[in-house]
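Thanks for coming. I will take a few minutes to walk through one chain, starting with its overall layout and ending with a single residue.

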Amino acid sequence: MALIEGWLPPTRANYGLILTFWRFGYPALGSLQWLVKWYGMGKTSTPSALNLPGRAAWMTMEVPGFVTLLYMMRTLPAQQGIDDLPWQNRVLAGLFVIHYAYRAVLFPLLQPSMAPIHVFVWASAIGFQVLNGTCLGAWLAAYGPTTAAAWSAQTPLPQFALGLLVFYAGLAANYFHDEELREIRRRKARRDQAKGGKQRGGGHYEIPQAGLFRYVLFPHYLCEWIEWAGFLMAAGWTCAPAWAFLVNEVCSMLPRAVRGKAWYVERFGADKVGGKWAVIPGVW
């Protein structure tokens with residue numbers, strides 16, 4: 001059943017229009033962060049009547065991505081007369097769901113605390129997720145390779161396997177560095193309990209040191225990019241929606257990392273931050 005006739009799921013013509021906006025329009029919107037210092041989420045969250053509770057906002061803005069992709073996989077093949085999809089389509093859809101099962105559901109539940117999220121950031125993230133889920137989901141469900149022969153031309157099997165390895169390496173490293181950030185707050189809570197003091201709400205920040213934190217301040221961003229570079233490798237270098245996803249991630253997260261480094265310097269001082277890069281060692 002179509003949620004929006006001709007658009008969700010999209011016809012082939014409308015898919016082309018959506019993908020064009022996702023490839024070129026959304027990166028331009030994400031890049032506007034270079035011009036605006038404000039970002040109402042995480043460590044840069046500020047008090048506002050338009051703030052939403054962190055955990056609930058995070059879940060509701062991240063879940064639409066994989067829900068949309070699964071909806072495309074469920075509805076589009078039958079509409080396009082496709083009886084069965086190759087295993088590669090299902091594996092790539094599974095990678096997407098695995099990532100967002102962690103990022104959208106487990107991540108906010110594991111966080112010791114989460115700052116409020118401004119409704120504008122929340123709405124922008126929903127738009128990001130729906131567009132991404134639509135473009136990748138439609139490509140996997142009908143508008144990309146849908147036969148074994150098409151996949152043979154799209155991605156050689158060794159490249160597909162290497163892409164999977166890169167994806168899982170990025171996923172594991174992403175979780176490791178997220179866990180280090182969580183552990184900072186857990187250590188603070190344990191110190192408070194040992195002193196018999198009351199645990200205070202809100203965030204607690206230190207300069208993390210484990211893993212790639214020795215070199216960059218936002219390695220969890222870098223590791224997520226590695227994940228989706230692996231996904232792109234497996235999907236094939238001509239997969240436009242996978243390229244668009246990776247480009248949009250970099251365009252939206254890189255300015256946040258650079259601003260985040262400035263936040264660390266302001267809070268802790270340049271001496272304590274040392275020679276750490278923002279997100280890419282030796283580059284930025």
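**Overall layout**

Read from the N terminus, the elements of the chain follow the order α-β-α-α-β-α-α-α-α-α-α. That comes to 9 helices and 2 strands. Please keep in mind that this is a predicted model.

Next, the overall dimensions. The radius of gyration is 20 Å, close to the 19 Å that the globule rule gives for 284 residues, so the chain is as compact as a globular protein of that length. Along the principal axes, the C-alpha atoms fill a box of roughly 65 × 45 × 35 Å.

How much of the chain is buried? Of its 284 residues, 48% count as buried. As for contacts with a separation of 6 or more, 82% of them are between residues 24 or more positions apart.

Now to the inside. In soluble globular proteins, nonpolar side chains tend to be buried together. Here the largest nonpolar core has 59 residues, and the ones touching the most other members are Trp22, Leu92 and Phe231. Helices that each supply at least two residues of this core are α1 (12-31), α2 (54-79), α3 (87-110), α4 (119-143), α6 (157-194), α7 (219-235) and α8 (240-268). Which of them gives the most? That is α4, with 10 residues.

Apart from this core lies another one, of 10 residues, including Met41, Tyr102, Phe107 and Ile117.

Back to Phe231 for a moment. Setting aside neighbours within four places in sequence, Phe231 is in contact with Leu92, Leu95, Leu136, Gly163, Phe167 and Ala242.

I will finish with Glu224, which sits in helix α7. Is Glu224 buried or exposed? The relative accessible area of Glu224 is 7%, and buried means under 20%, so Glu224 is buried.

What does Glu224 touch, if we do not count residues up to four places away in sequence? The partners are His99, Arg103, Asn174, Glu249 and Met253. There is also a distance to note: Glu224 and Leu171 are 53 residues apart in sequence, while their C-alpha atoms are 6.8 Å apart in space.

That is the end of the walk-through.

How values were computed. Residues numbered from 1 in each chain as written. Predicted model: local features only at pLDDT ≥ 70, side-chain atom pairs only at ≥ 80, totals over all residues. Heavy atoms only, no water. Helix = DSSP H or I, 4+ residues; strand = E, 2+ residues; numbered from the N terminus. Rg over C-alpha atoms; globule rule 2.2 N^0.38 Å. Buried < 20%, exposed > 50% of the residue type's maximum accessible area, 1.4 Å probe, protein only. Contact = heavy atoms within 4.5 Å. Core = buried A, V, L, I, M, F, W, Y, C linked by side-chain atoms within 4.5 Å.
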